[in-house]
Amino acid sequence: MRFDNKVVLITGGSRGIGSATAKAFAKKGAKVAINYRANLAAAADTLEQLAGDGHILVKADVADPTEIAAMVKEVAEHFGRLDIVVNNAGIFEYHPIDQVDYETWQKEWKRTIDINLIGASNVMYCSAQQMMKQGGGRIVNVSSRGAFRGEPLQPAYGASKAGMNAMGQSLAQSLAPYNIFVGTIAPGFVETDMAKEVLAGPDGDNIRNQSPVGRVAKPEEVAHGILFLASEGAEFMTGAILDINGDSYLRS
Ligand code: NAP
């Protein structure tokens, strides 16, 4: 898999899976735009570790449609094109139905859907306009095993990722005539900040043992799946949802 001089925008590229994906693309020759929301130090640290040169940082909150449009415009103007977009930014907030009040419930659902689903849809919209103009592109959405398995403690998260799966399937159909291909990956638990607390807690061993491999994924393993869906030769996988969960949850 080579991505020489391909321009890649990764939302939430400052940490975790996004950071590993930025490093993997850069290693394979791509020019990377790392989006971050708040954590400039982490974003700058990722930037510093990228192979090659010419990579940039772009600040935007994906919950803000105006900031998304400005971010995509900035990347396209800076590089002259936008070949690959990875919709990776996301949040995973605790709000079990039997423990939170009604006000918190509404706040968590709105915030989660705004970032994980509507934010991703707006990134797709703005990127697709640029990709249609230039004659094609790739979009990879980072969903979750939780879309299939349920998330009893983070129900809005599970719903946001199920929505993301359906969005990818719909937009793969809309965009294929424009030579734009859409893939989705569905990781199980991954060793990142997002999962750190849960994996260190009393459920950590149970979660690791959900996989016959006896561990959760490394961010680099998820990045590998993202690069695969964005690679030359994977075009006909458009609309597919790829499990990366170490056989911890089977669906057919
Ligand atoms: P992470 O370590 O918590 O990193 C989250 C990233 O998203 C950070 O770069 C953060 O930016 C960014 N972000 C959050 N809200 C944002 C916003 N409103 N606008 C722009 N950026 C925002 O998480 P991760 O584990 O790498 O997760 C990445 C993706 O994988 C998410 O979509 C997540 O749902 C999915 N996933 C994760 C797991 C897991 O177990 N870790 C499992 C399945 C799926 P800042 O640094 O600026 O805050």
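Which residues line the largest cavity? Hi everyone, let's answer that together. First, a word on the model: it is predicted, so local features need pLDDT of at least 70 and side-chain atom pairs count only at pLDDT 80 or more, while totals for chains, interfaces and linings use all residues. Residues are numbered from 1 along each chain as its sequence is written, and side-chain values use heavy atoms, with hydrogens and water left out.

Now the answer: the lining is made of F181, V182, G183, L229, A234, E235, M237 and T238. A cavity here is a set of points, on a 1 Å grid over the protein atoms alone, where a 1.4 Å probe fits but cannot get out, and lining residues have an atom within 4 Å of a point. The largest cavity holds about 30 Å³ of space, a volume being the space filled by probe spheres set on the points, which are joined across faces, edges and corners. Strand β6 (residues 180-187) gives the most to this lining, with three residues. Strands are DSSP runs of E, at least two residues, and helices are runs of H or I, at least four, numbered from the N terminus.

Next, please find N35, in strand β2 (residues 31-36). N35 counts as buried because its relative accessibility is 2%; buried means under 20% relative accessible area, with a 1.4 Å probe and protein chains only.

Finally, look at helix α6 (residues 155-175). Among the buried residues of α6 are Y157, K161 and L175.

Key: Buried means under 20% relative accessible area, exposed over 50%, partly exposed in between (1.4 Å probe, protein chains only). The expected span of a helix is 1.5 Å times one less than its number of residues. On a 1 Å grid over the protein atoms alone, a cavity is a set of points where a 1.4 Å probe fits but cannot get out, and a pocket is an open set with protein on both sides within 12 Å along at least five of seven lines; lining residues have an atom within 4 Å of a point.
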